Amino acid sequence: DEVWPYLRVLARSSPDDKLTLAKGLNGSRLFEDKEKVRSLAQNDNIVIFPDRQVVAMTGDGTNDAPALKNADVGFAMGIAGTQIAKDAANIILLDDN
C-alpha cells in the first residue's frame with residue numbers, strides 16, 4: 001500500500017508482476033485509512049476510491065491468464081493473443097495496436 005498509489009501504468013511487465021499487482025490492488029484496504037487517503041489527496045493529488053480500486057489488465061499470452069482473471073477487467077489481444085488469454089479476458093481487442 002506504500003507504492004501502488006503512485007503507479008499509473010506498468011508497461012512491459014512480466015506475468016508474475018501483473019498477477020502480483022492485480023492481487024495486491026484487489027486486496028488493498030488503503031481506502032479504509034481515511035487519514036492516509038486525505039494526505040494522498042492533499043499532498044500528491046492522488047485520488048483513492050472510497051471502496052476499492054478498479055484493476056484493468058492487458059495480456060496476450062498463456063502466462064497472462066491468471067492476471068487477466070484476477071483483474072476487474074481483463075483485456076486480451078485479439079490477433080496476437082493466445083486462446084487461453086482470450087478465454088480469461090473480459091474484453092478481446094480486435095486491433096492489437
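So, which residues have the most contacts inside the largest nonpolar core? Trp4, Leu30, Leu40, Ile48, Val55, Met57 and Leu68 do, in a core of 19 residues. By nonpolar core I mean buried Ala, Val, Leu, Ile, Met, Phe, Trp, Tyr and Cys residues joined through side-chain atoms within 4.5 Å. Buried is under 20% relative accessible area, exposed is over 50%, and partly exposed is in between, with a 1.4 Å probe and protein chains only.

Quick housekeeping. This is a predicted model, where local features need pLDDT of at least 70 and side-chain atom pairs count only at pLDDT 80 or more, while totals for chains, interfaces and linings use all residues. Residues are numbered from 1 along each chain as its sequence is written, and side-chain values use heavy atoms, leaving out hydrogens and water.

Helix 1, helix 2 (34-44), helix 3 (65-70) and helix 4 each give two or more residues to it, and helix 3 gives the most, with three. Helices here are DSSP runs of H or I with at least four residues, strands are E runs of at least two, and both are numbered from the N terminus. Take Ile48: leaving aside neighbours within four places in sequence, Ile48 is in contact with Trp4, Pro5, Leu30, Phe31, Val37, Leu40 and Gln53. Contact means heavy atoms within 4.5 Å.

Next, Lys18, which sits in helix 1. Is Lys18 buried or exposed? Buried, because its relative accessibility is 14%. Its side chain makes a polar contact with the side chain of Asp64, at 3.4 Å. A polar contact is a pair of N or O atoms within 3.5 Å; within protein, one must be able to donate a hydrogen and the other to accept it, and residues adjacent in sequence count only if both atoms are side-chain atoms. A polar atom of the Lys18 side chain also lies 2.9 Å from the backbone oxygen of Thr58. Not counting residues up to four places away in sequence, Lys18 touches Ser13, Met57, Thr58, Gly59, Asp64 and Ala67.

Last stop, Thr82. You'll find Thr82 in the loop between strand 2 (73-77) and helix 4 (83-88). Thr82 counts as partly exposed because its relative accessibility is 26%. Again setting aside residues up to four places away in sequence, Thr82 touches Asp60, Gly61 and Thr62. And how far apart are Thr82 and Arg8? They are 74 residues apart in sequence and 26 Å apart in space, C-alpha to C-alpha.
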